[in-house]
Structures are given as C-alpha cells and as structure tokens.
Amino acid sequence: MERRVAERLRSTLGPLGLEAHAFKVGWYNAVLQPAFHLPYPDDTLAFVVLSTPSMFDKALKPFVNKERLKIIRDPVDQCVSHHLSRVKEKFPDQRVDVMFDYEMLPSRKPKFLAQTAAHVAGAAYYYQRKDVKLDPWGKKKIFGVCIHPKYGGWFAIRGLLLFPDIQVPFLEQPAPVDCVSQEEKRIELLEQFNFHWQDGRYRDIIEVKERYSEEQRAYFATPPAERFRLLGGDFTHVKITD
C-alpha cells in the first residue's frame, strides 16, 4: 500500500518540483517530547513534502499567473496549500490529513517540527549542536539545520500528508544521508546558518546539483510585503547580496 501511495504522490507532486518522503508517525514521535507528538497511532503512514529549486518555475509562477485576479496573501504558502489540498482528490477512498509548515497550535507551538520530520523520513539530515563533539559555542543558542544530499540548503520543508487509515507496521526506516560528516564542516555549517544565514553560504556547504535561480533568489531576498509585485515582472533587477 505504501508503495502505491508513494508512486501516486510522486507522479502528482514531482512535476511541480515537490518531493514526498514516507515515514511512520512512530519514528517521529519517538524522538520528541510528548508535547510535540503527532496524534496518530505509531504505524500510521505519513509523508513529509519538500520543495526543490524547480518548484519556483514549475508550480509557483504558473499558480500566481492563474490566480492573478484573486487576493494572494503569501504566494508560496498559498501555492503549496493549493497543490497539497488537491492531493486529496487523488485518494478519493482514503482520508488524507494535511499539515503545513506555517500552521500553529492554539498553544503557539508549530503543528509539526519540519526538520525532525525530514530527518526521520530520510529526506534530509538534520544537523544539530549535539552532532558536534567539541562544542565551541559556550552559552550561545545554536539552531540546527537540514541539508539535502542533492540540494544542500537549497530546498524547503512545506508540509505533511497523513493517511490515518493506512497502517504500515513493516515499513523500514531509511537513514538520512550524512553528507556533512566531518566535524569541522559541521561547525562551519552551524556557524554559517546561525550567524550569517542571510548570505546563504550555508546552503552550499556541500556540492549541490541544483540551486535556486537568480530570479528565485531575488524573490526570497525581497521583504515579504514587496514580493508580490515581483511575480508579474522581471526579477533580475533586484539586487542580490552575498
């Protein structure tokens, strides 16, 4: 069953520049405190959905052009919401629950921890402070970051698809690719992400096969309130700072 669902998701989301990686809810809950658990049985089938660099051209720009006469608050969020909600149509006989990376619980906690989900699904390796043996940061707060084996940091985690009626007790857990295995590179990655994230250098901590285009980088480098005006015209006039 998991394989059939995965193939259908691949054929639906792949052409949009989106990836779906399977995991069991129990894998996710096992590494988190109860306050962050997903409220499903351990063997419930779920998928974490990532956007790759090609999503910008394959999904976002066509979506905005189609919806141009409507009010769009956040083009990326609404584009992803549109396409993930339409996934339900591909599974008319199944219940499909969708969670988005920007959704919050009444407690103001996120509905799910995106980077943890990507790690347990084997989609991207979540590098954290605990992955560095000789910690150089003292009392500083250090946030972790996921690195994709193909795209480095040039991707985003967009949501979860959960199939409450599908139990997969025998699903085998894939290990994420440890593509930043050297201690000094892990320190460099976390330094760049925590203290120099705006220049984007952490995204290229490994040799990547594809990164955001100049057009796409211009879009994300622009303050959110000003991004929409870019989506009808030329992105290339926006200065990118490295």
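This report covers the pockets, the cavity, the aromatic pairs and a few individual residues of a predicted model.

## The largest pocket

The largest pocket has a volume of about 1500 Å³. Its lining counts 46 residues, and Phe 155, Ala 156, Phe 193, Tyr 202 and Arg 203 are the closest to the pocket centre. By class, the lining holds 25 nonpolar, ten polar and eleven charged residues.

Several helices and strands contribute. Helices H4 (75–87), H5 (114–120), H6 (183–195) and H7 (214–221) each supply at least two lining residues. H5 provides the largest share, five residues.

## The second largest pocket

The second largest pocket has a volume of about 270 Å³. Of its 21 lining residues, Arg 10, Leu 18, Glu 19, Ala 20 and His 21 are the closest to the centre. Helix H1 (2–13) and strand S1 (18–24) each give at least two residues to this lining. S1 gives the most, with five residues. The classes here are eleven nonpolar, five polar and five charged.

## The cavity

Rolling a probe the size of a water molecule over the atoms shows where empty space is left. A search of the whole structure finds one cavity of 30 Å³ or more. The volume of the largest cavity is about 30 Å³.

Which residues line the largest cavity? They are Ser 51, Thr 52, Pro 53, Met 55, Phe 155, Arg 158, Tyr 212 and Gln 216. Four of these residues are nonpolar, three are polar and one is charged. Phe 155 is also one of the residues closest to the centre of the largest pocket.

## Aromatic pairs

A pair of aromatic rings is described by the distance of the centres and the angle of the planes. The structure holds eleven aromatic pairs. One of them joins Trp 154 and Tyr 212. The ring centres of Trp 154 and Tyr 212 are 5.2 Å apart and the planes stand at 70°, so the pair is edge-to-face. Trp 154 sits in the loop between S5 and S6, and Tyr 212 in the loop between H6 and H7, so the pair ties together parts that are 58 residues apart in sequence. Trp 154 counts as buried because its relative accessibility, 5%, is under 20%. Tyr 212 is buried too, at 9% relative accessibility.

Tyr 219 and Phe 220 make another edge-to-face pair, with 5.1 Å centre to centre and 80° between the planes. Phe 220 is partly exposed, at 27%. Phe 56, Trp 154, Tyr 212, Tyr 219 and Phe 220 form one aromatic cluster.

## Lysines over rings

Two lysines lie over aromatic faces. Lys 109 lies over the face of Phe 36, at 6.0 Å from the ring centre. Lys 140 lies over the face of Phe 195, at 5.2 Å from the ring centre.

## Helix H7

His 83 is found in helix H4. This histidine counts as buried, at 16% relative accessibility. Leaving aside neighbours within four places in sequence, His 83 is in contact with Leu 16 and Ala 59.

Tyr 125 has its place in strand S4. At 15% relative accessibility, Tyr 125 counts as buried. What does Tyr 125 touch, not counting residues up to four places away in sequence? Its contacts are His 119, Asp 131, Val 145, Cys 146, Ile 147, Pro 176, Val 177, Asp 178 and Arg 186. Pro 176 is 51 residues from Tyr 125 along the chain, yet their C-alpha atoms are separated by 5.2 Å.

Conventions
Residues numbered from 1 in each chain as written. Predicted model: local features only at pLDDT ≥ 70, side-chain atom pairs only at ≥ 80, totals over all residues. Heavy atoms only, no water. 1 Å grid on protein atoms, 1.4 Å probe; cavity = no way out; pocket = protein on both sides within 12 Å on 5 of 7 lines; lining within 4 Å. Points joined across faces, edges and corners; volume = space filled by probe spheres on them. Helix = DSSP H or I, 4+ residues; strand = E, 2+ residues; numbered from the N terminus. Nonpolar A, V, L, I, M, F, W, Y, C, P; charged D, E, K, R; others polar. Phe/Tyr/Trp six-rings, centres within 6.5 Å; stacked < 30°, edge-to-face > 60°. Buried < 20%, exposed > 50% of the residue type's maximum accessible area, 1.4 Å probe, protein only. Lys NZ or Arg CZ within 6 Å of the ring centre and 35° of its normal. Contact = heavy atoms within 4.5 Å.
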